[in-house]
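Student: I would like to learn how to read a structure like the one shown here. Could we go through it feature by feature?

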Amino acid sequence: MPQHRVEAIANAFLRLAWAEGRTLTNMQLQKLPYIAHGWGLVIISDDLIREQPQAWPYGPVYPKLYESLRRYGSGRVTDLIHQDDASPFLDSENDRGEPVEETLTAEEEKLIRSVWDAYKNYSAFRLSALTHQPDSPWTATMRDDQPYAEIDNDLIRAHFQRLAERRRSAG
């Protein structure tokens with residue numbers, strides 16, 4: 001299965017939100033792909049996203065996605081992410097290139113839809129708080145002496161596996 005650019009996965013979440021008349025912020029668009037990636041490691045047993053998230057102060061962040069969304073600050077994202085949005089040399093809105101699009105498998109689309117349905121009512125700060133749980137991959141990675149370290153997929157997989165096991169035993 002191909003690994004996808006995080007921007008393509010974020011765009012999938014934007015489309016789902018807009019189809020329901022909702023909006024998303026930069027922080028929500030950091031956390032939703034991360035959560036989808038984590039569940040994907042468990043449910044489809046593969047990487048959904050090719051880039052590794054980093055441990056930033058407000059939780060897991062995909063740096064290039066952050067740069068692509070920087071123009072929105074903490075406000076709502078009003079357009080799809082384009083090929084060149086992260087470029088520091090962007091002269092105008094016309095230089096953004098095409099929207100980042102990738103073909104998802106039916107299984108990946110189902111995963112993204114499931115994550116959307118489960119987390120769409122969460123605010124940006126509630127999503128961030130979820131990623132800061134005591135036993136989370138972010139907590140295990142975030143260190144004052146090593147800011148912005150990559151969060152390892154093995155930590156992410158183990159965390160989401162524990163969440164799946166808790167859900168099974170509670171259900």
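Student: In which helix does Pro63 lie?

Tutor: Pro63 lies in helix α3, residues 63–69, where helices (H or I, at least four residues) and strands (E, at least two) are DSSP runs numbered from the N terminus. Before going further, note that this is a predicted model, in which local features need pLDDT of at least 70 and side-chain atom pairs count only at pLDDT 80 or more, while totals for chains, interfaces and linings use all residues. Residues are numbered from 1 along each chain as its sequence is written, and side-chain values use heavy atoms, with hydrogens and water left out.

Student: Does Pro63 count as buried, partly exposed or exposed?

Tutor: Buried means under 20% relative accessible area, exposed over 50%, and partly exposed in between (1.4 Å probe, protein chains only). Pro63 has a relative accessibility of 28% and therefore counts as partly exposed. Glu109, which is found in helix α4, is partly exposed because its relative accessible area is 47%.

Student: With which residues is Pro63 in contact, leaving aside its neighbours within four places in sequence?

Tutor: Contact means heavy atoms within 4.5 Å, and with those neighbours left aside Pro63 is in contact with Gln52, Gln54 and Trp56.

Student: Which residues of α5 are buried?

Tutor: In helix α5, which covers residues 124–131, the buried residues are Ala124, Leu127, Ser128 and Thr131. They are on the same side of α5 because they cover an arc of only 100 degrees around the axis, the arc being that of the directions from the helix axis to the C-beta atoms. These buried residues pack against α2 (26–43), β2 (59–61), α4 (106–119) and α6 (137–141).

Student: How are two packed helices described?

Tutor: Two packed helices are described by the angle between their axes and the distance between the axes. Axes are lines fitted to C-alpha atoms, for helices over the stretch in contact, and angles run from 0 to 180 degrees between N-to-C directions.

Student: At what angle do α2 and α7 pack?

Tutor: Helix α7 (residues 153–170) and α2 pack at an angle of about 75 degrees, with their axes 8 Å apart, which means that α2 is roughly perpendicular to α7. By class, nine nonpolar, four polar and two charged residues form the contact of α2 with α7.

Student: And at roughly what angle do the axes of α2 and α4 cross?

Tutor: They cross at roughly 125 degrees and come within 10 Å, so α2 and α4 are oblique to each other. Among the residues making the contact are Leu32, Ile35 and Trp39 of α2, together with Glu107, Leu111 and Tyr119 of α4.

Terms used
Angles under 35 degrees count as roughly parallel, over 145 as roughly antiparallel, 65 to 115 as roughly perpendicular and the rest as oblique. Ala, Val, Leu, Ile, Met, Phe, Trp, Tyr, Cys and Pro count as nonpolar, Asp, Glu, Lys and Arg as charged, and the others, Gly among them, as polar.
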